[in-house]
Amino acid sequence: MQPEDHVCLCYHVSLRKLTNYARRERPAVASQLSDCLGAGTGCGWCRPYLQIIFDDCRAGRDPQISDGPGEYAIAREAYRAVRRAERAAARAESSPDVSQAE
Ligand code: FES
């Protein structure tokens, strides 16, 4: 991933913005990277990557995300599809079964 590639695809937050934010603001925990343009507050896919950025910046390293932007986006879509299916299953489980109602 290159610095201008988006880590948070929901809010279009680049690796460069997140790295600069982490270095400048020195958040206490990775979840505080959400203060950088809402990163991580959408689908949740990028949260493990925010942790990598946080950890690398804390250690004084340049954050490295080995996935290319294409494979990263494809993996996110698969993640979102699984989440949609899980939500649909949870809704179906929690709604009353009208076929057994008398
Ligand atoms: S990709 Fe960051 S919250 Fe969805």
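User: How much space lies in the largest cavity?

Analyst: This is a predicted model, in which local features need pLDDT of at least 70, side-chain atom pairs count only at pLDDT 80 or more, and totals for chains, interfaces and linings use all residues. Residues are numbered from 1 along each chain as its sequence is written, and side-chain values use heavy atoms, with hydrogens and water left out. A cavity is a set of points on a 1 Å grid over the protein atoms alone where a 1.4 Å probe fits but cannot get out; a volume is the space filled by probe spheres set on the points, which are joined across faces, edges and corners. The space in the largest cavity is about 40 Å³.

User: Which parts does the pair of tryptophan 45 and tyrosine 72 tie together?

Analyst: Rings of Phe, Tyr and Trp (its six-membered ring) pair if their centres lie within 6.5 Å, and planes over 60 degrees apart count as edge-to-face. The structure holds four aromatic pairs. Tryptophan 45 and tyrosine 72 form an edge-to-face pair, at 5.7 Å centre to centre and 65 degrees between the planes. Helices are DSSP runs (H or I, at least four residues) numbered from the N terminus, and the pair ties together the loop between α1 (15-25) and α2 (47-58) and helix α3 (residues 69-94).

User: Is tyrosine 72 buried or exposed?

Analyst: Buried means under 20% relative accessible area and exposed over 50%, with a 1.4 Å probe and protein chains only. Because its relative accessibility is 1%, tyrosine 72 counts as buried.

Conventions
On a 1 Å grid over the protein atoms alone, a cavity is a set of points where a 1.4 Å probe fits but cannot get out, and a pocket is an open set with protein on both sides within 12 Å along at least five of seven lines; lining residues have an atom within 4 Å of a point. Rings of Phe, Tyr and Trp (its six-membered ring) pair if their centres lie within 6.5 Å; planes under 30 degrees apart count as stacked, over 60 as edge-to-face and the rest as tilted. Helices (H or I, at least four residues) and strands (E, at least two) are DSSP runs, numbered from the N terminus.
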